[in-house]
Protein chains: 2
Amino acid sequence: MANIKEIAKESGVSIATVSNIINGKPGAGEETRKRVLETIKKLDYRPNVIAKNLKQKNNRTIGIITEDLTVFNTPDIVDGINEYCDEHNYEFVLGNLRLYKKYDEKFYHSDKYYGRVVDEFKMMESKQVEGIIYVGCHSRNLECIPSNFSIPIVIAYGFDNDKEFSSVIFNDEQGAYEATCKLIEAGHQNIGVIYGAQQSIHAQQRLIGYQRALYDNKILFNPQFIQQGDWSRKSGYEASEIFFEQNVTAIFAMNDLMAGGVYDFFYEKEHKIGTDIAIVGFDNREVSKAYNPSLSTIELPLFEIGRQSAKLLIDMITQPHKEVNPEIYKIDCKFIERKSIYKNIIDKV
Amino acid sequence: MANIKEIAKESGVSIATVSNIINGKPGAGEETRKRVLETIKKLDYRPNVIAKNLKQKNNRTIGIITEDLTVFNTPDIVDGINEYCDEHNYEFVLGNLRLYKKYDEKFYHSDKYYGRVVDEFKMMESKQVEGIIYVGCHSRNLECIPSNFSIPIVIAYGFDNDKEFSSVIFNDEQGAYEATCKLIEAGHQNIGVIYGAQQSIHAQQRLIGYQRALYDNKILFNPQFIQQGDWSRKSGYEASEIFFEQNVTAIFAMNDLMAGGVYDFFYEKEHKIGTDIAIVGFDNREVSKAYNPSLSTIELPLFEIGRQSAKLLIDMITQPHKEVNPEIYKIDCKFIERKSIYKNIIDKV
DNA sequence: TTGTAAGCGTTATCAC
DNA sequence: GTGATAACGCTTACAA
């Protein structure tokens, strides 16, 4: 393929002039500029960005390291980063660790994958990126991020308790608060909660949101209304059996999957969701639209998490001297109204 | 960051020797090798792949252009490419066109996005990739791929009727054939079909698969059992109304979404899916597991499409002189057995 | 076994 | 306005 030298020769000027013209630098004569641009078009010249990046210190490229691109949250986060980069004229290179595929599904309980992570960070440095966004596929405290790096690092969908890196996650508590408030607004007071896995930070935060919503609405918190689940559909079913015995009129399932278990149970009992029992889920997974009736739920701000991390990172890159204290940024979730909530008139009376 | 020159100086050898050692080339003394490797570790040296790629003609990097990374099929395809690249020591750079986000949902009906596509191809060439895989997000004849490119191009999830490029898609006909056969094996003869959108190539192929399955099993093809749909859940519901009047015992819905409409309808009628009516879908979307009872369906071989395209491309790169006739490769789909099919004993008698 | 030096395609400095 | 030329960090003949 034609290079700058050939363009120069063909148009009878020096490569310096060609370079200046390509990069819109002043100082080239109108006549020459026109001639050079024509040869560029004629020879279908494409600048070699590799050479360009070798020469230039700041190549306006960031690295994105994803734990697993095939996990549902990741593409949207990458898309958010992508948009912000496009807007600010940055490129990105993607390194996908494929942790789910390569290791076992619960890879984050072991640390055998740490080496893989460090390798990818090194690779990114080798590729001369100006900063790195690490995209987790399971929100948790990340201990695998190398700390002796000279370039800025931001974590998306995961965080760092040591506050060495900034991170962007969604606001579990606010999401659960909204979900609960919507049920309360519809007139419900006895709201069962299907809790997620025992140790989950998400579940802990969501419970606090639930409790705060009750408190703000002057509703007594009844601990009996909390049923332990494990994020699985089956556990949602089992929790429903217990709620069925109580005088619960609404259920907040801490994810859409467990909400599915609620549907299963009440389907069997021939009770109608949205008429006999109200329910709201969390995550806004594809399934939530598919349940019958469709499930009101909380949408995760994945795209925004991506955008925000990109903004943080690019700010750090462009203002290297501004000392920033790493922080955990929480992005609010959004309530998605569908048909699984009904107005509980009787209770209100 | 340390570069090769500093390593050389620090270990008291020339840069050529360092380079040889890094790249595992023979001819370096054991003593020197050890010393150099130590300095590399000590200075935490990371080779600059930009410089390396500038120098080396073949940089073992391919480009992946995705129409939209957030569309459900894309991440798995990329994952398949990723795996094959890993295995064969290739890197990839990703260019995401974001067509759904940037243009309207039916972007492929217009051609206003062509410029965007061509730009991305040019960008890939600028990045000196050795080949490009174009990942569509909607299987169709692609007319947007520039044809005057010097590097090999393969299309994944889309094809090129002009047979200028090789492409990899899944086998609609075989998938539909399997789906229908499973219903026939379960004893069903009167099998309704909910057809996809009118002009869809997918739908046409799937109908042929259905018909072939009937023929191979000596079952008369009753055109009345074909109901036009449009891929939407609502159209599945409407088709069910008609089947309800006919003596249909099983339904092949051409996608999982329309199958959802069937569930809706029979739920209202208080007929039980998997007991009163058998159904099989297509796509194996996340929802198919969530329906109650879970939906038997046809899984798209997305990962394999990715792997296969990567194999094709890398073969073309490594054997540039081997003349290949571009072909449309079809990967078989897989039947996923769930609970929406029952054995129709009565019919069999 | 090791070192010298050319060159990959750019950009940037500085002289003309 | 334009042109030499050094430099970016590396690989690779080829020389020593």
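Which side chain has an N or O atom 2.7 Å from a phosphate oxygen of DNA strand C? It is the side chain of Y45(A).

## Basis of the model

This is a predicted model, in which local features need pLDDT of at least 70 and side-chain atom pairs count only at pLDDT 80 or more, while totals for chains, interfaces and linings use all residues. Residues are numbered from 1 along each chain as its sequence is written, chains are lettered from A and ligands numbered from 1 in the order in which they are written, and side-chain values use heavy atoms, with hydrogens and water left out.

## DNA strand C

Around DNA strand C there are 26 residues, and S19(A), S14(B), G29(B), T32(B) and K55(B) come nearest; a residue is near a strand if one of its heavy atoms lies within 4 Å of it. Sugar or phosphate makes up 64% of the atoms of DNA strand C within 4 Å of the protein, and bases make up the rest.

Two or more residues of the surface near DNA strand C come from each of α2 and α4 of chain A and α2 and α4 of chain B. Helices (H or I, at least four residues) and strands (E, at least two) are DSSP runs, numbered from the N terminus.

## DNA strand D

DNA strand D is also surrounded by 26 residues, the closest being G29(A), T32(A), I4(B), K25(B) and Y45(B). Of its atoms that come within 4 Å of the protein, 67% belong to sugar and phosphate.

In chain A, a backbone N or O atom of S14(A) lies 2.7 Å from one, and a side-chain N or O atom of T32(A) is 2.7 Å from one. In chain B, a polar backbone atom of I4(B) is 2.5 Å from a phosphate oxygen. The largest share of the surface near DNA strand D, four residues, is given by α2(B).

## Chain A against chain B

The two chains meet through 47 residues of chain B and 47 residues of chain A (contact means heavy atoms within 4.5 Å). About 4,500 Å² is buried between them, with carbon and sulfur atoms giving 51%; buried area is the accessible area (1.4 Å probe) that two parts lose on being put together, summed over both. R46(B), I50(B) and Y267(B) supply 15% of the area that chain B buries against chain A, more than any other three residues.

## A sheet in chain B

Chain B holds an open sheet of six strands with parallel pairing, in the order β2-β1-β3-β4-β5-β11; two strands pair if DSSP finds at least two bridges between them. At the edges stand β2 (91-96) and β11 (328-331), each with a single partner strand, so one side of each has no neighbour in the sheet. Within the sheet, β1 (residues 61-66) and β3 (residues 132-135) pair over four bridges, and T66(B) has V135(B) as its bridge partner.

## Backbone exceptions

Most residues other than glycine have a negative phi, and most peptide bonds are trans. A cis peptide bond joins N292(A) to P293(A), with omega about -5 degrees, and another joins N292(B) to P293(B), with omega about 0 degrees. R98(B) has a positive phi, near 55 degrees, and sits in the loop between β2 and α6 (99-102) of chain B.

Note on methods
Polar contact = N/O pair within 3.5 Å; in protein donor to acceptor, adjacent residues only side chain to side chain.
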